[in-house]
Amino acid sequence: MSSTRGNRTRLAALAAVVPLTLLAACSQGSASAGSEDGEIRMMVNLTDNLNQAYWQKLVEPFEDKTGLKVKIEGPTGKSVAESFPQQLAAGTAPDVIQSIFPDDDTAPELLDLSGEAWAKDTPMYEDYAMGDAHYAAGVGTQTQSLVYYNKAAFEKAGIAEAPTTWEELSADMAELKKAGYTPMQTAGDYMTGLQLQQIFHPTLNQAHPKWQSDVKGKKLAVGDAYLPAFQKYADWIKSGYIAKSDVGLNPSQADGNFLAGKVGLYTNGSWFAATLDKAGKLPFEVGVFSPPVEEGKSYPGPQGATMADPYMVNKGAADPDAAKQLVEYLVTDAEAVKTQLTSDGVFRQGSDVEQSAVGAQIQGILDDAPELVAVGEGQGNVRLPVTGFNPKFTEVAQSLYTGASPADAAKAIDQWVDENR
């Protein structure tokens with residue numbers, strides 16, 4: 001069996017159930033079956049604001065300049081992540097894929113962009129390398145480690161400036177509680193674990209740079225890495241800085257509490273800037289700062305980040321050169337980049353795109369970050385030896401609300417990693 005056919009066999013197993021009508025339409029020889037001459041098929045993530053009209057307008061200048069046509073396709077399943085492996089297995093995959101990253105199963109089916117000079121200066125290009133290969137090129141970054149705060153609440157609580165150390169943060173939360181605010185807004189679902197990771201990234205990545213790789217190499221246990229975070233979080237719950245009932249909220253309710261002015265601090269990613277912009281004028285001014293670090297550590301610390309608007313090229317594209325031209329346009333053309341940066345809370349280091357007041361603060365934090373670091377399970381060559389880490393981490397973080405000790409939480413995450421390596 002050839003390596004390509006072997007990869008397709010593995011992808012078929014991943015793809016769950018491919019509809020029989022789709023399989024019947026496959027052609028055995030091309031991963032982009034059905035493409036017309038001069039047409040580039042691109043599968044994108046469709047949302048309320050990133051709709052068909054948005055994508056078509058984005059690629060129109062490219063079509064006008066090159067004479068090529070771009071066919072915008074949404075996922076055939078629930079998401080691009082689900083649909084791409086299914087279509088690869090069926091032989092109907094598009095030429096260009098947006099919004100997801102390569103993994104061990106899909107990478108053999110993708111074009112290596114390492115030889116493309118235009119790709120080398122795109123955001124986080126090296127961070128997403130797999131071995132020596134580069135399969136993804138992106139428009140910008142989603143900055144993960146941000147703390148939004150209510151400036152009116154800070155003023156009422158007598159807090160003059162944003163905290164830079166954990167000690168200052170805890171002291172500020174005590175004052176916010178006295179002033180009648182929810183000191184730190186949290187939520188249930190995925191957000192519990194995500195927030196704890198987000199706020200701890202700058203400290204963790206100074207104590208243990210590339211910690212995911214150290215866990216993979218059995219030089220570090222996740223429980224040891226995160227025990228200080230579990231201890232801080234448990235203390236905040238005990239002190240009432242985090243409401244125990246908040247673990248029952250969905251993330252949109254947590255957003256609403258902050259927008260209503262009831263909250264002092266709210267950890268979230270750069271995408272929350274889009275929510276703030278959409279909300280319009282608020283009864284208070286919003287500030288943003290990089291999370292605090294341990295006493296004696298450098299501030300600001302490394303910034304957790306992920307590549308935003310990534311694009312990949314199918315090795316079996318009907319016209320690989322045309323597909324690469326489209327990706328080059330999307331990640332390097334000034335107007336195309338500007339459109340994407342202003343559409344969905346996406347930022348790019350060194351960008352001079354006009355931003356809202358909050359966006360300008362985020363841009364400054366991103367530009368001042370000493371390093372952008374992998375989050376959660378990791379990315380590229382810096383990865384944990386397990387998948388499904390984020391949901392498990394959330395489960396462990398939520399156990400602190402129901403009586404588990406920080407040591408219990410550390411033991412639970414280590415046990416899970418050991419069982420799932």
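**Figure 1. Packing of the buried residues of α10 in the predicted model.**

Figure 1. Helix α10 spans residues 251-259, and its buried residues are Pro251, Ala254, Asp255, Phe258 and Leu259. These residues lie on the same side of α10, because they cover an arc of only 140° around the axis. In an α-helix, residues three or four places apart point the same way, since there are 3.6 residues a turn. Glycine 261 follows α10 and has a positive phi, near 85°.

**Figure 2. The open sheet of 4 strands.** The strand order is β6-β7-β5-β8, and the pairing is mixed. Strands β6 and β8 stand at the edges with a single partner strand each, so one side of each has no neighbour in the sheet. On average, neighbouring strands of this sheet are turned by 20° against each other, direction ignored.

**Figure 3. The pairing of β5 with β8 and the helices on the sheet.** β5 and β8 are paired in the antiparallel sense, over 4 bridges. Valine 147 has phenylalanine 289 in β8 as its bridge partner. Helix α7 packs on the sheet and touches β5, β6 and β7, with its direction at about 90° to that of β7. Helix α11 also packs on the sheet, where it touches β5, β7 and β8; the direction of α11 makes about 30° with that of β5.

**Figure 4. The crossing of α6 and α9.** The axes of α6 (residues 166-178) and α9 (residues 222-239) come within 12 Å and cross at roughly 15°. This angle makes α6 roughly parallel to α9. The contact is made by Trp166, Leu169, Ser170, Met173 and Lys177 on the α6 side, and by Lys232, Trp236 and Ser239 on the α9 side. The crossing of the two helices is right-handed.

**Figure 5. Glutamate 167 in helix α6.** Glutamate 167 has 43% relative accessibility and therefore counts as partly exposed. From glutamate 167 to proline 85 the separation is 82 residues in sequence and 47 Å in space, C-alpha to C-alpha.

Key
Residues are numbered from 1 along each chain as its sequence is written. This is a predicted model: local features need pLDDT of at least 70, side-chain atom pairs count only at pLDDT 80 or more; totals for chains, interfaces and linings use all residues. Side-chain values use heavy atoms; hydrogens and water are left out. Buried means under 20% relative accessible area, exposed over 50%, partly exposed in between (1.4 Å probe, protein chains only). The arc is that of the directions from the helix axis to the C-beta atoms. Contact means heavy atoms within 4.5 Å. Two strands pair if DSSP finds at least two bridges between them. Axes are lines fitted to C-alpha atoms, for helices over the stretch in contact, and angles run from 0 to 180 degrees between N-to-C directions. Angles under 35 degrees count as roughly parallel, over 145 as roughly antiparallel, 65 to 115 as roughly perpendicular and the rest as oblique. A crossing is left-handed if the near helix is turned anticlockwise from the far one by less than a right angle, and right-handed if clockwise.
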